[in-house]
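Notebook open, model loaded. I'm jotting down what I look up as I go.

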Amino acid sequence: MLRTQQVMSCIEEQVLRLLRELTMNTEEMKERSSQSVLPAGLACSEHEEERKRRELTSEQQLGIDYHEGQPENQVRKSTEQPPLSERCIFFALKDLFNAHSALRFVSKLQLMHLILQLCVYHKFSTKRDMFYCMKPLMKTQTQCNQVLKELSENWNVHRHDLHVVPQSRGEVCGHVSFVQLSLNDVVGASTNETLTRNATDSRVINAALHISALSTCSIPSIPHLQIIGFDIPLEVDSLLIVEKESVFQQLKQTLEDKIELRKYILITSKGYPDVPTRDFIVTLVTYVAKYQKRALKIYLFTDGDPFGAEIAHVYIHGSKSFKNEKKYLTLLHAECEEACKYWLMQTYLNIQWIGVHLEEFLLENRDRGKLELNPQYKSCLLPLDTNDHGKIDSLLSSLSEFEHSCCEMLSRQLCFMKEYCCKVEIEALSFARVDYWTYILGKTSL
């Protein structure tokens, strides 16, 4: 369910807080102007009385209640009017009077106004569209993304609760179909609280789209809200997640022709894992665990370079950018009933990074007792640059925090890259005259 009402309440609380600060600042300005025409002694006396009155008013607004015989430093919060939740405080009025933060203050306020409009009119927008609306105030997309991230974290909501959805890049191909709601239907489900994932309401069935991935289909923007059911045969037991779109296109051409390949569902996000693709994987695995009581096998097929290893790591453990959305983006943190938790964890524990691995392009030197670069494949290996070395160090540090069978393989291959100062891409298999499916079947049949 979308938490639209919670977002609107947070915006309302923030605006009320700013208005209270503005009122107090206005009173201070009036007080200072009146002091300039009064005798010094009288001004001090009235200033003290005004200060106490303002403090009392402020305490009442914040819901703080003093009692007789109770020290002033030991106050109790009134249950009748609770104070503004700290997590809802996004910025303060004082930022407006700071030369370094004034523009950021206005940007945040304008962005909140856009989000409120989306919530009121039940519309959705992408991060890119939001940036173009904010372009006079924000110079880069990164600035807009950062403010949206701060909003979702401070208000303890997800970005789609702000009615800001990612532009999905992901595609899926295989013997699977699903029932998908439009974003407008998702808003109706959140408002009326009548639509469910079981699709028992006839209005859901009529409004939903039945989408088959047999000839490839796009992944929706918010899979865990838009997809209300899957149709997946029991013979399908493996998800093959491919980094590159070009490799994905070559693999899917053979998928329909060979019976032994029908157990695979191909998925790609065309590069770095986007939010909808990761959401789709968790939603699919959770559905199979809940309704079919079984686990799926997940294989990751990426380049044998630092960024390919990072992609595999993100699919397994998630990224640091979306800590408050991990239950939708990682199997380890996915929420489900206790009965299907076992199958969900079995899928997570058996995720494999099948390659390509730099180690496969090395040759053992028996005289020296160590591995060396295979001269036959030197022309298809690429040197590491400065960014690659930095990424390797960062990943090795991050992988040490997790306990997963895949982490050992990732760390091993990263160490090989660092030692031999080179990397390898998936296309190197073609140079070595190895068919992609032959390579994959050899790795997944072990």
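**Sheet and helix.** I started with helix α9, which lies across β5, β10, β11 and β12 (297-301). Against β11, α9 runs at about 160 degrees. For my own reference, axes are lines fitted to C-alpha atoms, for helices over the stretch in contact, and angles run from 0 to 180 degrees between N-to-C directions. Helices here are DSSP runs of H or I with at least four residues, strands are E runs of at least two, and both are numbered from the N terminus.

Before going further I noted the ground rules. This is a predicted model, so local features need pLDDT of at least 70 and side-chain atom pairs count only at pLDDT 80 or more, while totals for chains, interfaces and linings use all residues. Residues are numbered from 1 along each chain as its sequence is written, and side-chain values use heavy atoms, with hydrogens and water left out.

Next I traced the sheet. It is an open one of six strands with mixed pairing, in the order β8-β5-β11-β10-β12-β13. At its edges I found β8 (217-218) and β13 (352-355), each pairing on one side only. I counted two strands as paired if DSSP finds at least two bridges between them. Inside the sheet, β10 (residues 238-242) and β11 pair in the parallel sense over five bridges. On that pairing, Leu239 stands opposite Ile265 in β11.

**Salt bridges.** My search of the whole structure gave 15 salt bridges. The cut-off is a side-chain nitrogen of Lys or Arg within 4 Å of a carboxyl oxygen of Asp or Glu.

I looked at Lys270 and its partners. Glu171 forms a salt bridge with Lys270, with the closest N and O atoms 3.2 Å apart. Glu171 lies in strand β5 (residues 171-173) and Lys270 in the loop between β11 (264-268) and α10 (275-291), so this pair ties together parts that are 99 residues apart in sequence. Glu245 also bridges to Lys270, its closest N and O atoms being 3.8 Å apart. That pair links distant parts of the chain too: Glu245 is in helix α9 (residues 245-255), Lys270 in the loop between β11 and α10, 25 residues apart.

I then checked accessibility, where buried means under 20% relative accessible area, exposed over 50% and partly exposed in between (1.4 Å probe, protein chains only). Glu171 is buried at 14%, Lys270 is partly exposed at 32%, and Glu245 is partly exposed at 33%.

Glu150 sits in helix α5 (residues 141-154) and Lys108 in helix α3 (residues 102-120), 42 residues apart. Glu150 is buried at 19%, and Lys108 is buried at 9%. I also marked a network of salt bridges that links Lys244, Asp303, Glu425 and Glu427.

Which residue does UniProt list for "active site"? The unreviewed entry gives Tyr132. I kept in mind that UniProt positions are given in the numbering used here, feature names are shortened, and annotations may be inferred rather than shown by experiment. In the model, Tyr132 is in helix α4 (residues 127-133). At 44% relative accessibility, Tyr132 is partly exposed.

**Thr330.** I found Thr330 in the loop between α12 (326-329) and α13 (338-349). Buried or exposed? Thr330 is buried, with a relative accessible area of 1%. The Thr330 side chain makes a polar contact with the side chain of His333 at 3.1 Å. I used a pair of N or O atoms within 3.5 Å; within protein, one must be able to donate a hydrogen and the other to accept it, and residues adjacent in sequence count only if both atoms are side-chain atoms. Leaving aside neighbours within four places in sequence, Thr330 is in contact (heavy atoms within 4.5 Å) with Val282, Ile316, His317 and Gly318.

**Leu18.** Leu18 lies in helix α1 (residues 4-35) and is buried at 8%. I checked Leu18 against Lys94: they are 76 residues apart in sequence and 9.5 Å apart in space, C-alpha to C-alpha.

**Totals.** The protein chain has 17 helices and 17 strands. Of its 446 residues, 46% count as buried. Among contacts between residues at least 6 apart in sequence, 76% join residues at least 24 apart.
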